[in-house]
Amino acid sequence: MGRAIRIAGYQNIKTKNDSNKSDAAKWFIQVNKKVGYRGSDSLSIQYELSDGVDFDCIGNILSKERTKKDLAFQGFIVERQAGIAKGAKVNGGSLICQSLDRQGKVQNTTLMNGINHLFVEDMSSPQRAGSMGDRAPSLYKISLQMTDGALINIDFERTFATRNLP
């Protein structure tokens, strides 16, 4: 998730001045609150491909076919564990990585099970435009709570800064 936040909004210098690009698709990082399993947040990120080798959140090599409107996509959400019957006891949800397949459609891949909550907090201050203008990086705090469904609840927390937002 940290790598995805850092790359959010990357624009390839060779295609930056391309006037055929739609500005409607230019949201680069989006946090949706309380949309996942047990009120977890989701995180969606878009960026252009570099001239080198780019990877999605599960290690697939990205190519032009794996983009939509020339933007690569990565998403993270916690959902109910797949394959568990409706009435069965569940030990947390599954952290899902979302990326684009070769047809440009969103594919979901489970990264890990036993996730109780995912919280994403935008820690950028409202005065951020004051000192550095719009070029100041945004800070995002990721909090992930893992559980065994009974006794163990372990919290992991990291803060990441964007590098490429316009």
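## T67 and its surroundings

In this predicted model, a polar atom of the T67 side chain lies 2.7 Å from the backbone oxygen of K64, where a polar contact is a pair of N or O atoms within 3.5 Å; within protein, one must be able to donate a hydrogen and the other to accept it, and residues adjacent in sequence count only if both atoms are side-chain atoms. T67 is found in the loop between β2 and β3, strands being DSSP runs (E, at least two residues) numbered from the N terminus.

T67 is buried, with a relative accessible area of 12%; buried means under 20% relative accessible area, with a 1.4 Å probe and protein chains only. Leaving aside neighbours within four places in sequence, T67 is in contact (heavy atoms within 4.5 Å) with L49, A72, L100 and G104. The C-alpha atoms of T67 and S99 are separated by 9.1 Å, and these two residues are 32 apart along the chain.

## D56, a buried charge

D56 has its place in the loop between β2 (42-47) and β3 (72-79). D56 is buried yet has no salt bridge, and the nearest side chain of opposite charge, that of R66, is 4.6 Å away. Here Lys and Arg count as positive and Asp and Glu as negative, while His and the chain ends are not counted; a salt bridge is a side-chain nitrogen of Lys or Arg within 4 Å of a carboxyl oxygen of Asp or Glu.

The side chain of D56 does, however, have a polar atom 3.1 Å from the backbone nitrogen of I58, and the D56 side chain also reaches the backbone nitrogen of G59 at 3.1 Å. Beyond its neighbours within four places in sequence, D56 is in contact with L62, Q74, S99 and Q107.

## The disulfide

A search of the whole structure finds one disulfide, a pair of cysteine sulfur atoms within 2.5 Å. C57 and C97 form a disulfide, with their sulfur atoms 1.7 Å apart. Because C57 lies in the loop between β2 and β3 and C97 in strand β4 (residues 93-100), the pair ties together parts that are 40 residues apart in sequence. The torsion about the S-S bond is about 65°, so the disulfide is right-handed. C97 is buried, with a relative accessible area of 0%.

## Basis of the values

Residues are numbered from 1 along each chain as its sequence is written. Local features need pLDDT of at least 70 and side-chain atom pairs count only at pLDDT 80 or more, whereas totals for chains, interfaces and linings use all residues, and side-chain values use heavy atoms, with hydrogens and water left out.

Key. Helix = DSSP H or I, 4+ residues; strand = E, 2+ residues; numbered from the N terminus. Buried < 20%, exposed > 50% of the residue type's maximum accessible area, 1.4 Å probe, protein only.
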